[in-house]
Amino acid sequence: MLRHRLVSVVFLAALASCSGQGGVGPPPSEATIGITADVTGTSVATIVVRVTATDIPSALVFNIPIVNGVANGTITVPAGSNRAITIRGFDAGGVETHEGSVTLSVQAGANPAVSLVLTPLTGDVPITASLGQFVVTVTPPSANLSVAGTVQLAAAIKDTKGNPVSGVIAWATLDPGVATVDATGLVTATGTGSTTISAVFHGVSGIATITVGP
């Protein structure tokens, strides 16, 4: 069964002060991008982000740390049009396993939610990326259940500065034949296998992996 892993990639542009020589000219704006990637169940050990544009002299490259199967970090790039953002996953041996890219116009203020898929290059499962203004984290991030067993999930919403945000989460299951979820995040196992439960807020997803044994 094909299992999708979600990568939540969160965009929030904010004006940043920058002192220029002689104090001439307005300060440039920058986009702060929070990146969260759930790589549980894949061979990904390193996430590399590369940002290019015609007005960025040298490509910006960032490594996003992975802790307990989740990559989480932020990058900062100049705001502007036609920012090509490429996300690559590498295994522990340095072999590239996933790649996906999107070209965006990033502006100061809020940016609309966008999604992209990191395509597997080595027979692994694809990673779906959602891009927006928030980070959604689901706890627990994984659970093992028996058929008819249940687990209560919770979702925390934060902006890219780490400030808590209140809002209504939309819960969904990738495979109702393995597990269902209600409006409160209560998961019920319905059959053996593995699936993901998504918590979606303003186009950004957080997930939990549910494995059901006999």
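Me: Which side chain does Arg83 meet in a salt bridge?
Reply: Asp55, at 2.7 Å, N to O. A salt bridge here is a side-chain nitrogen of Lys or Arg within 4 Å of a carboxyl oxygen of Asp or Glu. The model is predicted: local features need pLDDT of at least 70, side-chain atom pairs count only at pLDDT 80 or more, and totals for chains, interfaces and linings use all residues. Residues are numbered from 1 along each chain as its sequence is written, and side-chain values use heavy atoms, with hydrogens and water left out.

Me: Is Arg83 buried or exposed?
Reply: Buried, with a relative accessible area of 1%. The cut-offs: buried is under 20%, exposed is over 50%, partly exposed is in between (1.4 Å probe, protein chains only). Asp55 is partly exposed at 49%.

Me: How many salt bridges by this rule?
Reply: Three. Arg88 meets Glu96 at 3.3 Å, N to O. Arg88 also meets Glu99, at 3.5 Å, N to O. Arg88 lies in strand 7 and Glu99 in strand 8 (residues 96-106), so this pair ties together parts eleven residues apart in sequence. Shared partners join Arg88, Glu96 and Glu99 into one network.

Me: What's the accessibility of Arg88?
Reply: 23%, so Arg88 counts as partly exposed. Glu96 is partly exposed at 22%, and Glu99 is partly exposed at 30%.

Me: New topic. What is the strand order in the four-strand open sheet?
Reply: 12-19-18-15, with mixed pairing. Strand 12 (142-146) and strand 15 (170-173) are the edges, each pairing on one side only. Two strands pair if DSSP finds at least two bridges between them. Four bridges join strand 15 to strand 18 (residues 193-201), and these run antiparallel. Ala172 stands opposite Ser198 in strand 18.

Me: And the three-strand open sheet, what order?
Reply: 13-17-16, antiparallel. Its edges are strand 13 (150-152) and strand 16 (179-181). Three bridges join strand 16 to strand 17 (residues 186-189).

Me: What stands opposite Thr180?
Reply: Thr188 in strand 17. Thr180 itself is in strand 16. Thr180 is partly exposed at 30% relative accessibility.

Me: What else is Thr180 in contact with?
Reply: Leaving aside neighbours within four places in sequence, Thr173, Leu186, Val187, Thr188 and Thr190. Contact means heavy atoms within 4.5 Å.

How values were computed
Helices (H or I, at least four residues) and strands (E, at least two) are DSSP runs, numbered from the N terminus.
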